[in-house]
Amino acid sequence: MRVRLKAFGGIAATVRRASIVLDDSQLDAANAARLRRLVSSVRVNPPRSLGIHPDEMSYAVDVDDGKDHFELRGHEASLTPDFRELINMVREPPQSPPRSREA
Amino acid sequence: MLATRCCCQCIVPPYLLRHLLKSRNPRIREAALRTLLGTTHLRAERLLLQQGFLASIVGTKRRTIFDCGHAEGTDNAVVKRGEGAPKTQDKSVNNAYDGLGYTYDFWKAVFQRNSIDDKGMRLDGYVHYGKAYNNAFWNGRQMIFGDGDGVLFSDFTGSVDVIGHELGHGITQYTANLAYHNQSGALNESMSDVFGSMVKQWHLGQAAKAADWLIGSDIFTPGHEGDALRSMKAPGTAYDNPDMGKDPQPAHMKDYAKMPDTDEGDWGGVHVNSGIPNHAFYLLATALGGHSWEGAGHIWFEALRQSDSKTDFAGFASRTYTVAISRYGPTSLEAASVEAAWNQVGVAIAATPGRRSRTPKPAKARARA
C-alpha cells in the first residue's frame, strides 16, 4: 500500500508544500498492519464535513493498494482521531524509513 | 431529566452545556454547571465563570491563553494565563496574550467595538498546537497557534499582524460573514490582512507611508530567505525562493487568478486574489496620508458592515465609495481617492446617484490549476 499526504490551506496557503509518501513496504509488519487499519477506518468513517474555517488546513491522503485507488479528505478541525493518527504516521513513520518527497 | 442524564453521561457538548447555563430551570442550570466543572474543560470553564460569564461583564478585555501541549486538539488544553495575570515563562503564551490585547485595544479605541462580536466576547488563544505545526487559524470561536517547524516558520504567536489577521476573521464572521469562496472569500482574506496590518501600524504608531505593509514578516525563521507571506504594497513580491516558490498574488484584476473552488484551489484563490483589494486599501491609505486606521480604515470597516456573505469585489468597491461620499462628501479627497484606488486595481465601482459608472475594462482572468 502506497499512501501520499498532501496538505492545503492555512494562513500560508500560497507557499509551496511538498507531498509526503509512505509505502507500507518500508514498515515492519505490525506498523504496516496499523497503516492499513487506519486507512480502512478512515475510509469507513470519514470525517464529517463541517465547512471550512478561515485559514484552516485541509488534508488529502491518496491511497493506492495495488487493486484500489482512492482518496481520503478532511479539514483540521473536524479530523477523526484515526485520520489524525494516519496523517501523523505518514509525517513521522515509526521506523523513520527513507521517505520520498514530491514537489 | 434529560439534560441531567445527558450531562452525567458527558455526551452533551460544552457549547450546549453553556447554553443550558441560561436555562430558566435551576436544576438544569445546576446540572449543566456541575458537568462543565467536571469535564476536561474544567479549567477553561472555571476561568470563564470567574472572568465574567456569570457576572456579564462587558466592555473589558477577557483574554485566556491555553497550552495545547503539542496535542492536535483543544479539549485537554491547560489554562496558562488569564486576564490580568502576570507574565509566564512561556514566550508563546505571553506573545499570544499581548497580541490579543493589542487587537482588542485597537478595535475598542479605533472603532469603539467591544471585542469580536461587539458584545464583549472572550478572546481565547491556544498555543503549542500540534508538533511543528505551520499555521495559525480562527476556528469560529478561538485562535489556534502552531509553533512552526523551526525550518521555514517560527512561532506563529510572534507576529502581531498574524494575530490581528486571525481575529479579523472573527470580526468578518460577526459582520458581513463573507463566504470563504472565490471573490467573497478573497475579500474575507483581504479584510483580515487589512485589519492585521492596521493593528500592527496602530501598535507601532506608524503612519501609512512609513509602514511596511507586509503580512507575516515575523513568522519566518531568521536565516530563511523570505520577507513575508504577503505584501499589500506590492502583491506578488513577498517571497521568491526555491523552498517557498513565488508569491502568486496579483495586484490588478487583469491578473485575477481563476482557481477551482476546492481545497487544492484555495477555495477559488482566496489567499491569492486577496492581493487585489489589499492593494486598493494600501493605495487609499497612502493617498490619504496620516494613519491608515483614521480614514481608509473607517471607510473599509463601514463598507464591510454594509456587505453580506456574497459581496464581491465590485460590490465592496461600490460600498466603499458610497461610504466615502456619505462620510466626507461627493467632492472630497476621500471619495476621489477611493475611486482612484479601485480604478488602479481594475475594479469597477457601480453607478451611484449623481455618478455614472466609469469602469475599467475587465481583463481576461488567468486560469490556474
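Predicted model: local features only at pLDDT ≥ 70, side-chain atom pairs only at ≥ 80, totals over all residues.

Residues are numbered from 1 along each chain as its sequence is written, while chains are lettered from A and ligands numbered from 1 in the order in which they are written.

**Where the chains touch**

- Chain A puts 18 residues in contact with 26 residues of chain B; "in contact" says that the C-beta atoms of two residues, placed from the backbone, lie within 7 Å.
- On the chain A side, β1 (2-9) and β3 (57-64) are the elements that give two or more residues. Helices (H or I, at least four residues) and strands (E, at least two) are DSSP runs, numbered from the N terminus.
- That side of chain A has nine nonpolar, five polar and four charged residues. Here Ala, Val, Leu, Ile, Met, Phe, Trp, Tyr, Cys and Pro count as nonpolar, Asp, Glu, Lys and Arg as charged, and the others, Gly among them, as polar.

**Two helices crossing in chain B**

- Helix α5 (residues 91-111) and helix α7 (residues 182-204) of chain B have axes that come within 10 Å and cross at roughly 85 degrees. Axes are lines fitted to C-alpha atoms, for helices over the stretch in contact, with angles running from 0 to 180 degrees between N-to-C directions.
- So α5(B) is roughly perpendicular to α7(B), a label for angles of 65 to 115 degrees.
- Where they meet, Tyr102(B), Thr103(B), Phe106(B) and Val110(B) come from α5(B), and Met198(B), Val199(B), Trp202(B) and His203(B) from α7(B).
- This contact divides into six nonpolar, two polar and no charged residues.

**Residues to look up in chain B**

- Ser115(B) isn't a glycine, yet its phi is positive, near 70 degrees. Find Ser115(B) in the loop between α5 and β3 (123-127) of chain B.
- Ser115(B) is buried, with 24 other C-beta atoms within 10 Å (buried takes 20 or more other C-beta atoms within 10 Å, exposed 12 or fewer, partly exposed in between, all placed from the backbone).
- Asp266(B), also not a glycine, has a positive phi of about 55 degrees. Asp266(B) lies in helix α8 (residues 266-269) of chain B and is buried, with 27 other C-beta atoms within 10 Å.
- Ala238(B) sits in the loop between β7 (230-231) and β8 (240-241) of chain B.

Definitions and conventions
Parallel < 35°, antiparallel > 145°, perpendicular 65-115°, else oblique.
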